[in-house]
Amino acid sequence: MIEQQKKKELFLINESQQKFINSDENFIKLLAPAGSGKTESILQFCKRKIEKDKNQKFILFSFTKAAAGEIEERLNREEQFSEIKSKLCVMTLNSFGDSFIRKGFFKVYPKLIEENEKNRLLTNFCGDIVQKKKFEYIAELIHKKGGVAVNKQKKIFDLIENSKLLGFTDDMVEKKDKIEEHIRFLKEIGSEEFLSDFLVSVEELFRKSEKTTSKQELIANEEIENVTLTSLLKLLRFSKEIKERLFTNARYTFTDQLYLTFLYINTHWEKEDSNEKMTLIVDEFQDSSPLDVFMLNELKKHYNANIVLAGDDDQSIYQFRGAALGIILQPEKILNEEFTTYVLDVNYRSPKNIIEMSQQLINNNTFREKKEISAYVQENAKVEFLNVEDGLEDLLDRIKENHEKNEKVGIIARKKSHLVPLQVLLNHHKISFYSEDDLNIFIGGAFDDIIELLKIKMIYEQGKTEEALAYMESENYMTLIETIFKYKLKKKEKEVFLNHVGRRYDEVRTLEEMKKMIAKMPDSEKIKWGKNLIHHQASLARIMEEFFKTETVAELIQLLKKDFLSFEKAFGKDDMFHLEPPLEQLSLLAKSYRDDFYKFMVDLRKTKNSYDEKMNIGANIHLTTAFRTKGREYDHTYILSSTNGTWPIHHAKTPEQLETERRIFYVAITRVKNSMTFVFDDPREISPYLKEMNLEQEIGKTWEVKNESTGEKEDLGEYLEKIDVEVVEK
């Protein structure tokens, strides 16, 4: 019914679109909320301009290649736009920059630096620069004990890349006042969050003092830029020589596609003299970095161009990649022009109640432009709430039902790790789905280790006797040791261990005998037992005993989370698993397997081995994160883990971070066309955003929860009310 209503008269242009399409200002800011017909409006704008003046020409910068492809496909498909096809060039800013520098900057054919090259680029390609006396602090960092040199190289290289995104240039290297002026400017245009993280990371890296200072403590220091200035100068001096070496050898990065273009246009490109009138249109402008806008400013001067900035400040969510919200709110500060604002105020995608809820939510943000959005679809969407704390069977049944009805489904998570259980379940039930390559958390060795541990557990379970350990091999014990420790044992340590176990493992038949064997392990001078939980053999014996005694798959996964240090969160490792260890989510999945370790292991292995085969971009079921869902729409959406600590994420503390989190949630809930389900793995900790949308009473009617104090079941709404009262009283 909703779909039929939406198809009626959709070709009509509403009043707010007409105002923009007929506008004649040279510099325009088009605020286009989700589902408001932005692409149609932009194409109609170009069409009208050309109808009035055949000398018009346009470059439309889209945010992704996929978006550019969709616009080009539409230009080719729809007859009404045939006149503007030759006048409108559609590409990303990076594609423009890449094409430009390949033709005008390098003397030989250049090569893009791949992500995995950054791990050793400083020592392999720029080793002589690193060894220079003036950069001895870099060499010390790379070879300093307490970390992996490869990870430090990548961290330094990433900081160099971020300095480019923020617009720090080589002419600032010896000019302290110029750096200070640029920092003030970045703060004025709203880049403070990314800037602060960058400066703190620089200070943490180059700090000579052994005293550790938390990121929060450094950010709390109002003079952080002064504290960091010495460290920043060190980075920029080193960066200058590294860039010269790479550019001389025709090597460049993804960021350099913009950085080099910005520098070249700024210093070498002569202003174009043409009878054609150029208009630069930037889509998704709310996610532009300072470097994007610096380059845009140079293009404006070169072409003497008009500019249309299209986007939605309420959907600005890429602050961690350098996006600055202040750029779309106040573009005058960086582009030095007065902009006229137009707002598309009708949403064609989502039903009335979704628009009302999303507006209630986003109106809690203060750093935004106020908008009054109405729904084209006057029917209400079906909004449901699903509790999965006891297992995922009900959620799977609903997804199967969507699949059978051939509905387009968006399963949206805040974090990649929350998608893992459904990736396994859908694979097990042979349901085709699509998920981007960089959401494949199964790549890497961590899942191989979990599968090996499950094999060891099954060896023990097959015995089902007091002497079950008789089936264990020395290599099985080695796997246990190496996953309990944070780091793999070195070659000599392995030899010591295997010699010890190899002489005794055939005598070990019971858990008590195993503990005795571990107690007689070589001392810490021969094997370094690691830090944190592991200090002595007794701890190792306890963990191994608990491992063999676990009765269910969920208990085993919880033990891995609690005591196996190799599965801890670690930013320095290449394995995507360690960025967001999904053990809590695997534990939720494991509940449905009960004590069937074999079935769980098989499903994990099949998912890992056949993941790429399941990546069907045409599949109706999409597993994605809120960051990847922009521009998409679904018949039905599932918002996973709709709890506090996830929405908003637990480490968001500052007002700016919390407003960003609310925008991320806003993006997630505005993808829906027909119906939406909020999924809870702990209904006692519902997201505050659901309360902001006045949904707590509806949730309370859905199910009962057990009161931990009385042991009795009660209405969830009453339970949540009591919690609120207790908080107020305290």
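Buried means under 20% relative accessible area, exposed over 50%, and partly exposed in between (1.4 Å probe, protein chains only). Helices are DSSP runs of H or I with at least four residues, numbered from the N terminus. This is a predicted model: local features need pLDDT of at least 70, side-chain atom pairs count only at pLDDT 80 or more, and totals for chains, interfaces and linings use all residues. Residues are numbered from 1 along each chain as its sequence is written, and side-chain values use heavy atoms, without hydrogens and water.

**Exercise 1.** Find how many residues of helix α20 (residues 420–428) are buried.

*Solution.*
- Count the covered positions: 8 of the 9 residues are buried.
- Name them: Val420, Pro421, Leu422, Gln423, Val424, Leu425, Leu426 and Asn427.
- Step just past α20: lysine 430 takes a positive phi of about 55°.

**Exercise 2.** Check the span of helix α28 (residues 597–610).

*Solution.*
- The expected span is 1.5 Å times one less than the number of residues.
- For the 14 residues of α28, that gives 20 Å.
- The end C-alpha atoms of α28 are 20 Å apart, so the two values agree.
- Now look at burial: among the buried residues of α28 are Phe597, Phe600, Asp603 and Lys608.

**Exercise 3.** Trace the largest nonpolar core.

*Solution.*
- Such a core is a set of buried Ala, Val, Leu, Ile, Met, Phe, Trp, Tyr and Cys residues joined through side-chain atoms within 4.5 Å.
- The largest has 79 residues, and Ile138, Phe168 and Ile179 are among those with the most contacts inside it.
- Helix α13 (residues 224–248) supplies the largest share of this core, 9 residues.
- A second, separate core has 67 residues, including Val420 and Tyr638.

Technical notes
Helices (H or I, at least four residues) and strands (E, at least two) are DSSP runs, numbered from the N terminus.
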